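Grab a pencil and open the viewer.

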Amino acid sequence: MRKLQAFGWLLSAVLGSAGGAEPRGDFAARIDAVYLDLGRGDKAAALAHSAALLDDVPLRDRRRGEALGVRLDALAQNVELNKPAGAALRDAIDAYVALADQHALAARFAIAQSFDRGDGAGALQLAEAALAAAPESEKPELHAWIARAAAYSGHLPQAREHAELARESWGHARGVHARWLEVELDYIIGQVQSYTGSNEQALSTLRDGARIAIATFGADANERFKIETVLAGVYGDMGRYRESLEVREALLGVAQHRYGTSSFEAAKAEALVGASLQEIGDYASARARYEHAQALVAALPDAPAQERGIISVNYGNLLQEMDELDASIVQYRRALELIGDKDSTRHARAVVHADMGNSLVRLHRYEDAVQNYRRALELREQSDGKDSPGLAYALEGLGAASLALQHAADAEGYFRRARTLREHAVAPNHPSVVPISFGLALSRWMQGDLDDAFDIAVQTAEHQQNLLRTFAADFSERQSVAYRDILMPASALVVTLAAQRGDERSISTAWHLAMVERGLVARTEAHRLAAVRAVHDPAVASAFDAWRRANSALGDAWLGKNQDAQKMKALTAAAEDAERALWHQCGQHNDGVGTAAVDLAELAHALPEDGELIAYSEGITSESAHVPVTLDRPVADDWYAFTLRADGKPRLRRVGAIRELSAQVRAWYVNLRNPNSDAAQLRRDGELLRRSVLDPLLAAPPAQRLFIVPEGELYRVSFGALPAADKGYLVESGVRVHTLANESDLAVPAVPASAPSMLLAGAPNFAAAPVDARLASRQLCLRAAREGFAAIPNAGRELDDLDALFAASSTNAKIHMVRGAEATKQNVLAALPQATVVHLATHGFSLDQSCAEPDNSRGVSLQPGPATDSAGSALSGLAFSGANVSDGSAPVGVLSAGELATLDLSRVSWIALSACDSGLGPIGRNEGVFGMRRALRLAGARTVVMSLWQVDDAATADLMASLYRARFVAHADVPEAMATAMRSVIDARRARGLSDHPYYWAAFIGEGGWR
């Protein structure tokens, strides 16, 4: 979405007054003082000092003309030339011209006065006439005035030409006046360069201007504020969002320090921070910034109308992206009223009309949208020229509206022209090019050209993945995930088109892209964490420790008895600030964060003979006539599945609509985690789900080992618990299932044979359960906060069984037992990095679950707190001895997923979380499950065993004993060991006449390395 910025003298905020030092007595120093005042933004001081200077220079003094010029600049910057002070200056100039015959000064006054009235065209005409008759000594000043007037009037090429001529002259001059003009001219040149697509040049020009501004006027000067405001916008236009946000945050600090936290300057700066947050998809933070800025402006009746309009249009863009479309249109209409209809506002109005068109498309008011896009195109051509890259915004909108109206050929024409214009200014993978290319691919598909559509979609997906990879290296995990969610579903389009084409090459290409995109943010985060752990630098270590403490504070706050929304917001921001500071301190560590895509031949070679790889992936609707037409709203409609057997031939087919299949998963899952659910209904729901998501994918003869890469709600499916075709469960039919976070996990080599170093931890010494055991044993909502944690009766037996198992085996395992009162959070944290095999038996929790689970479980549930989101690592965790959340003080003894992620578990080949909900959490688009499941992978653990619901205490102890016997004594691979353990619990329960409901034996799954 485009962010509107001010342009021209009246569209750029000139900051208000603040005190300055008294200038020296000599004439040159007094002139310097006036321009220092102007450069700093001390307008009142500039007026006073220029008036005093003029009063002190007699009419016949040879310095009189220079003093008049200084006074002219001071009044012009304060928009005072059509007020009494301006009339007095005009009389003084007339008297001086009559005496000294200096008509150029009178011409400059006439130009400036016309400009002051808002008559940019009149000022330009006067300046051009004056330049034609001026002596060489006056031309630099007149070139500068032509540049100002041309920029104000929307004649950008002319503005740039004359600004460059003027700057060439003033760059060789000495004095503060020359430096002030240099910065003013760099501001014009840089904006014109940006508007006309020369962003690299704009970056260089604006950086030079900012350097001069800071060196001459100070770090908190108006000239620095003004020019770096544009610089931040250029960074954003180039997709360099981290630098854009950093500049805007710095300017907010400058404005608040110099002008006060309630000033208009602070409001404008805060709105621009909101714009940066909006660009990266951090909508909640952006909205808070905009709302605060608008509240500040509402209390300032003298705030410039056009600047208020700019805040309104940018806030409207945010509301549009948040689907508050009617509210966004209100903001756009308000912006148009505030900006006005002068020639100088054509560029600004073009932006507003294009943005309004986007909202109207989403409201399906296509004809109204087209009208706004065409008006935007007309205004932009008048303002920026017919070859300006900025025209692409209106053309993109016209393409989107044409797609919605099923005018695919028209859409193609608009998208092609838009892409050509944009690529003159930016790289093909620039954020503003990607949606245009995506629209072009859709338009070709709608016209039946599968080949061209596929090629364009592949290129678009590759560009977008490169963009996301770069972004993820610059921002926090949460912000990267938010940004991922606003990108185009380009890979999903490739998958859909590959399925329709059906050839092996297309399927292989689509699968490669799906592999690259799957978990891309997680891989980047894991790579950065590994790189930080490997850096032996005290400053990096200090920043890393600060981040860990911030994560710990956030996790403790989530578990606190009295949650406060403002406190949670502050702690979340502190954790993200600490993360950004860490990455800044250690530098970029992107090398090696590659595609993670493994060659299909290598995957086929890694498969056992009886194995099949099934990788679910997103696609868009399979009917080109119903493609998603709103390019600002990414949509993936369908699930597809890639499959591979040992023969190496990839296959791809559509599985079904995401909405319907997700509903099937939820219907089965709800009953699966409830041991008292109706068995017949559970079987019917399971059979429906199996026929929908699994049966169509199994080639003959059916594979006995399934390696599954889930997507979306499928992460909640324990596939072994699906009903078999005849009777019993899938796991009883000989099928063994293993979950992969990414296809590359399939090729992870076997763990080298060696004596494991085992950590057996848990069975904390919680108090015995009170009479209402259902509440005390498993819940951590407000009732549990009063009751406290309950003891887990079978956790001690479980640890003892595993200890005896390994002691009696030939594994030569080195066992470190941490149990009972010794099983504190601190002791477990200290022991984790030294272990290769870890077993944790304790309470677990995930915030996204309810407080209505069955009895005798190892779970605790939290009430949802303020503002949870997909990157909710702090919202799940494990409780250890001493854990307490009942007295209103800071919680202790709880290890959150956020803290787990910061550990170095690269030596851990196996970790089992024998607790409830340890594999649950919010599910991110193409990023899997957040929470402990993700945290352990980020920490470097190879294979993770975790639960999908609140597990039965006694059944879990039995299952774990069987699982470890199969894995570490019989040396079975992970899927074989897991299937063996499941079947053993089923058989044992049936033998004792107990229920074989999957609740008791199917909660745990393995993910990651499988050999």
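## Exercise 1: A serine in a helix

Task: Decide whether Ser-114 is buried or exposed, and find out what lies around Ser-114.

Solution. Start with the accessible area. In this predicted model, Ser-114 has a relative accessible area of 2%. The cut-off for buried is under 20%, so Ser-114 counts as buried.

Now look for neighbours. Leaving aside residues up to four places away in sequence, Ser-114 touches Asp-119, Gly-122, Ala-123 and Leu-126. Take two of these in turn. A polar atom of the Ser-114 side chain lies 3.2 Å from the backbone nitrogen of Ala-123. Leu-126 is twelve residues along the chain from Ser-114, and their C-alpha atoms are 8.7 Å apart.

## Exercise 2: A buried arginine

Task: Find which side chain makes a polar contact with the side chain of Arg-444.

Solution. First locate the residue: Arg-444 sits in helix α21, residues 434-446. Then check its surroundings. With a relative accessibility of 14%, Arg-444 counts as buried.

List the residues that Arg-444 touches, again not counting those up to four places away in sequence: Glu-412, Arg-416, Asp-449, Asp-452, Ala-453 and Ile-456. The partner you want is Glu-412, whose side chain makes a polar contact of 3.0 Å with the side chain of Arg-444.

## Exercise 3: Checking a helix

Task: Work out how the span of helix α11 compares with the expected value, and how many of its residues are buried.

Solution. Helix α11 runs over residues 222-237, which makes 16 residues. From its first C-alpha to its last, α11 reaches 23 Å, close to the 22 Å expected at 1.5 Å a residue.

Then count the buried residues. In α11 they are 15 of the 16, so the helix is largely enclosed by the rest of the structure.

Finish by looking just beyond the helix end: there, Gly-239 takes a positive phi of about 80°.

## Exercise 4: Rings and charges

Task: Classify the aromatic pairs Trp-511 with Phe-642 and Trp-910 with Tyr-964 as stacked or edge-to-face.

Solution. A search of the whole structure gives 18 aromatic pairs. For Trp-511 and Phe-642, the ring centres are 5.0 Å apart and the planes make an angle of 15°. Planes under 30 degrees apart count as stacked, so this pair is stacked. Trp-511 lies in helix α25 (residues 504-517) and Phe-642 in strand β2 (residues 638-644), so this pair links distant parts of the chain, 131 residues apart. Both Trp-511 and Phe-642 are buried.

Trp-910 and Tyr-964 have centres 5.7 Å apart and planes at 75°, which makes the pair edge-to-face. Because Trp-910 is in strand β12 (residues 910-914) and Tyr-964 in helix α38 (residues 953-969), the pair ties together parts that are 54 residues apart in sequence. Trp-910 and Tyr-964 are both buried.

Rings can also meet charges. Lys-226 lies over the face of Tyr-187, 4.9 Å from the ring centre. The charged end of Arg-989 sits over the ring of Tyr-1000, at 3.6 Å from its centre.

## Exercise 5: How confident is the model?

Task: Find the mean pLDDT of the protein chain, and say where pLDDT stays under 50.

Solution. The mean pLDDT of the chain is 85, and 88% of its residues reach 70 or more.

Note on methods. Residues are numbered from 1 along each chain as its sequence is written. Side-chain values use heavy atoms; hydrogens and water are left out. Helices (H or I, at least four residues) and strands (E, at least two) are DSSP runs, numbered from the N terminus. The expected span of a helix is 1.5 Å times one less than its number of residues. Buried means under 20% relative accessible area, exposed over 50%, partly exposed in between (1.4 Å probe, protein chains only). Rings of Phe, Tyr and Trp (its six-membered ring) pair if their centres lie within 6.5 Å; planes under 30 degrees apart count as stacked, over 60 as edge-to-face and the rest as tilted. A charge sits over a ring if NZ of Lys or CZ of Arg is within 6 Å of the ring centre and within 35 degrees of the ring normal. pLDDT is the predictor's confidence in each residue, from 0 to 100. A polar contact is a pair of N or O atoms within 3.5 Å; within protein, one must be able to donate a hydrogen and the other to accept it, and residues adjacent in sequence count only if both atoms are side-chain atoms. Contact means heavy atoms within 4.5 Å.
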